[in-house]
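Look over the sequence and the structure first.

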Amino acid sequence: MRTVFEPSCATAVAVRAQELGKRYGNQWALRDCTFELPQGRVAALVGANGAGKTTLMSVLASLLKADEGSAHAVGRVAFVSQEKPVYRNFSAADMLRLGARLNIVWDQTRAVRWLERFEIPLDRACGKLSGGQHAQVAFALAIGSRPSVLILDEPLANLDPLARREVSQELLSEVAETGMTVLLSTHVVAELGGVADYLLLLARGRLLSGGDVDDLLASHVFITGPRSEVLPVASSAVLQARHHDNQSTFLLRLPDRQPRPFVGRPWSQRAVTLEDYVLAQLQSTRKGDDA
Amino acid sequence: MNATTTDRPVVRTRVGWTDLLWLIRRQHRWMLVGTGTLVLVWISALLLLRIAAPARGPMGTWDSNPLVDLAKIMGATPMIFGLLIAVFWAAPLVSREYEQRTTTMVWSQDITSSRWLASKIVLLGSIAAGLAAALGASAGFMMRGINDARDRPAFLAFSEVGLFETAPHLQAAYAAFGFALGLAMSAITRRTVVAMAVTLAVYVGVRILVIAGWRPFYEDPVRQTTPIHGQLTNGDTIDQNPLYVAGGFLNSAGEPAELPIECLSKNSLSDDEINNCFADAGITHRFNDYQPADRLDSFQLVETAIFIVFTAILIGLAWMWIRRFGRT
């Protein structure tokens with residue numbers, strides 16, 4: 001963890017990336033990535049496999065060096081990689097001792113509370129725990145170090161559905177209590193609703209879109225009606241157009257701060273969910289590449 | 001969650017060396033305890049042999065004494081201890097962490113990869129070097145004890161199982177080299193089995209290269225020449241247990257000369273006739289180049305220095321590799 005202490009500035013930005021680029025050999029895994037993540041948010045980093053999520057997170061956690069641009073996180077950063085690594089011959093209690101020894105800030109109470117919440121035996125070697133329990137030990141270690149920014153790579157990947165929901169809830173309450181910023185990557189878009197309030201969408205190493213989830217969703221709308229190649233409303237940006245047998249659906253991006261357009265029958269409009277938005281965005285990149 | 005956190009988090013200014021020592025002790029305790037126990041048992045056996053071999057058997061020049069034979073086998077341990085450190089301690093050290101992805105976990109705490117690596121090198125490396133030095137000192141102590149009790153020494157200065165490699169500082173340098181080599185291979189290959197195999201091959205290769213190719217030439221050898229017609233006295237050099245470097249024939253100009261094959265192909269010739277044949281071919285002297293046994297100390301120091309240089313280079317390589325290429 002690179003520890004950069006910085007007075008919290010007025011804009012309260014937790015993570016700032018500027019034209020960040022990272023390549024492996026000749027292949028750019030990340031390019032031209034610029035964003036600011038406000039403090040105290042739970043940001044979802046979404047993208048298809050190989051989009052550069054892990055690379056971006058590793059750069060932000062100072063585990064990889066960027067080839068161009070800069071990345072900066074305010075305060076201490078904790079990173080839990082996809083594999084949720086822990087020492088197999090350490091018990092969960094040993095892993096917490098490791099956290100206490102190797103961090104300049106350590107909150108034993110909070111770490112133990114996390115393990116107790118998920119009923120993880122403290123004295124059993126981590127190698128004998130299940131994959132899900134493994135993950136909880138890794139989370140407890142990260143939580144206990146009281147980071148300003150917590151970066152989680154696929155945190156929900158090897159958890160059962162109930163544990164997924166519980167981990168999400170616990171994370172949210174940790175955010176509420178400590179004011180830390182969470183950046184988590186996932187491709188299980190359906191489970192982001194109600195968890196993430198900020199979105200970073202990556203596709204092929206580039207940042208596709210990003211911003212406050214509520215703002216993003218409020219500025220998009222679905223319009224559905226009889227099959228038609230032509231939009232019933234004028235001058236809106238079409239993000240996606242789908243045509244079925246006798247129905248057409250358009251996803252529109254509304255101009256800044258404009259209300260949803262009025263559409264008359266037989267057309268109807270409905271709000272966009274985070275999943276709708278993400279899938280449409282990802283699909284548009286795929287189509288764009290095919291073209 | 002509405003539980004309130006009563007204990008305030010512990011806040012410190014930095015992670016100290018005692019914390020890194022704790023990690024190493026916790027992480028490698030079985031390796032440390034196991035190796036320490038083995039070394040202790042081995043040292044006890046060496047010390048026991050020093051006492052038992054003269055007491056339990058004949059110690060004349062040509063007498064067969066099974067305990068001296070055993071001592072010769074046990075005395076070879078300093079030759080392989082550095083190899084064991086290289087292959088079993090150091091080669092898995094970083095690669096296993098890469099394989100289990102724990103490098104990302106440990107380097108995500110408030111500790112840089114450099115500091116983590118430094119703690120491994122300093123703490124584990126010095127323990128390895130210390131154990132090697134103790135083994136070497138004990139083996140040397142045993143050899144000198146047995147030598148003193150015999151008419152002629154059983155352990156020569158420069159022989160394969162001899163006094164040369166028992167110098168504690170040299171043993172420490174071999175172990176440090178082994179540690180650095182294993183570490184570098186571990187960091188570069190990131191595969192434990194590959195790192196162990198490459199380390200084994202390189203360690204053995206380098207040691208053989210140095211023993212056979214470099215050690216005889218740390219100083220200009222002493223040349224002993226004998227006129228071709230004179231009596232060849234070999235007692236002088238062999239009694240001093242020298243390190244034999246080269247031998248052959250010299251012409252009247254004092255330059256090494258080819259062996260005249262025709263003189264040897266005549267089986268029926270007497271020694272005098274062979275010598276005359278040599279003289280006819282322009283050969284005036286036989287010579288032996290050797291390093292006298294009293295150069296033992298200085299040669300040990302030179303070899304220690306060589307392995308310290310190797311160690312420094314390899315540590316630098318491991319360091320650079322982990323910092324530049326090995327962060328995740």
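Q: What should I know before I start?
A: This is a predicted model, in which local features need pLDDT of at least 70 and side-chain atom pairs count only at pLDDT 80 or more, while totals for chains, interfaces and linings use all residues. Residues are numbered from 1 along each chain as its sequence is written, chains are lettered from A and ligands numbered from 1 in the order in which they are written, and side-chain values use heavy atoms, with hydrogens and water left out.

Q: In what order do the strands of the open sheet of six strands in chain A come?
A: Strands of a sheet pair through backbone hydrogen bonds, either parallel or antiparallel. Helices (H or I, at least four residues) and strands (E, at least two) are DSSP runs, numbered from the N terminus, and two strands pair if DSSP finds at least two bridges between them. Here the order is β5-β7-β8-β3-β9-β10 in chain A, and the pairing is mixed. At the edges are β5 (77-80) and β10 (206-212) of chain A, each of which pairs on one side only. On average, neighbouring strands of this sheet are turned by 15° against each other, direction ignored. For such angles, axes are lines fitted to C-alpha atoms, for helices over the stretch in contact, and angles run from 0 to 180 degrees between N-to-C directions.

Q: Which helix packs on the sheet?
A: Helix α1 (residues 53-60) of chain A does, touching β3 (42-46), β5, β7 (149-153), β8 (181-186) and β9 of chain A. The direction of this helix makes about 155° with that of β8(A). Touching, or contact, means heavy atoms within 4.5 Å.

Q: Which strands run parallel to β8(A)?
A: β3(A) runs parallel to β8(A) and is joined to it by five bridges. β7(A) is also parallel to β8(A), again with five bridges. As examples of facing residues, A:V42 has A:V182 as its bridge partner in β8(A), and A:I151 stands opposite A:L183.

Q: Where is an antiparallel pair?
A: Strand β9 (residues 198-203) of chain A runs antiparallel to β10(A), and six bridges join the two. In this pair A:L201 stands opposite A:S209.

Q: Which way do the residues of β8(A) point?
A: In a regular strand the side chains alternate between the two faces of the sheet. In β8(A), A:T181, A:L183 and A:S185 point one way, and A:V182, A:L184 and A:T186 point the other way. Six of the six residues of β8(A) are buried, so this strand is largely enclosed by the rest of the structure. Buried means under 20% relative accessible area, exposed over 50%, and partly exposed in between (1.4 Å probe, protein chains only).

Q: Is A:T224 buried or exposed?
A: A:T224 is buried, because its relative accessible area is 16%. The residue sits in strand β11 (residues 220-226) of chain A. Not counting residues up to four places away in sequence, A:T224 touches A:Q247, A:S248, A:T249, A:P266, A:W267 and A:S268.

Q: What does B:R26 contact?
A: Leaving aside neighbours within four places in sequence, B:R26 is in contact with A:N89, A:F90, A:S91 and A:D94. B:R26 belongs to helix α1 (residues 17-27) of chain B and is buried, with a relative accessible area of 8%.

Q: Is B:L48 buried or exposed?
A: B:L48 counts as exposed, because its relative accessibility is 59%. This residue lies in helix α2 (residues 29-56) of chain B.

Q: How many cavities of 30 Å³ or more are there?
A: On a 1 Å grid over the protein atoms alone, a cavity is a set of points where a 1.4 Å probe fits but cannot get out, and lining residues have an atom within 4 Å of a point. Grid points are joined across faces, edges and corners, and a volume is the space filled by probe spheres set on the points. The count is three. The largest has a volume of about 90 Å³, and 12 residues line it, of which A:F79, A:V80, A:L141, A:A142 and B:Q109 lie nearest its centre.

Q: What makes up the secondary structure of chain B?
A: Chain B has 12 helices and five strands. Of its 328 residues, 48% count as buried.

Conventions:
1 Å grid on protein atoms, 1.4 Å probe; cavity = no way out; pocket = protein on both sides within 12 Å on 5 of 7 lines; lining within 4 Å.
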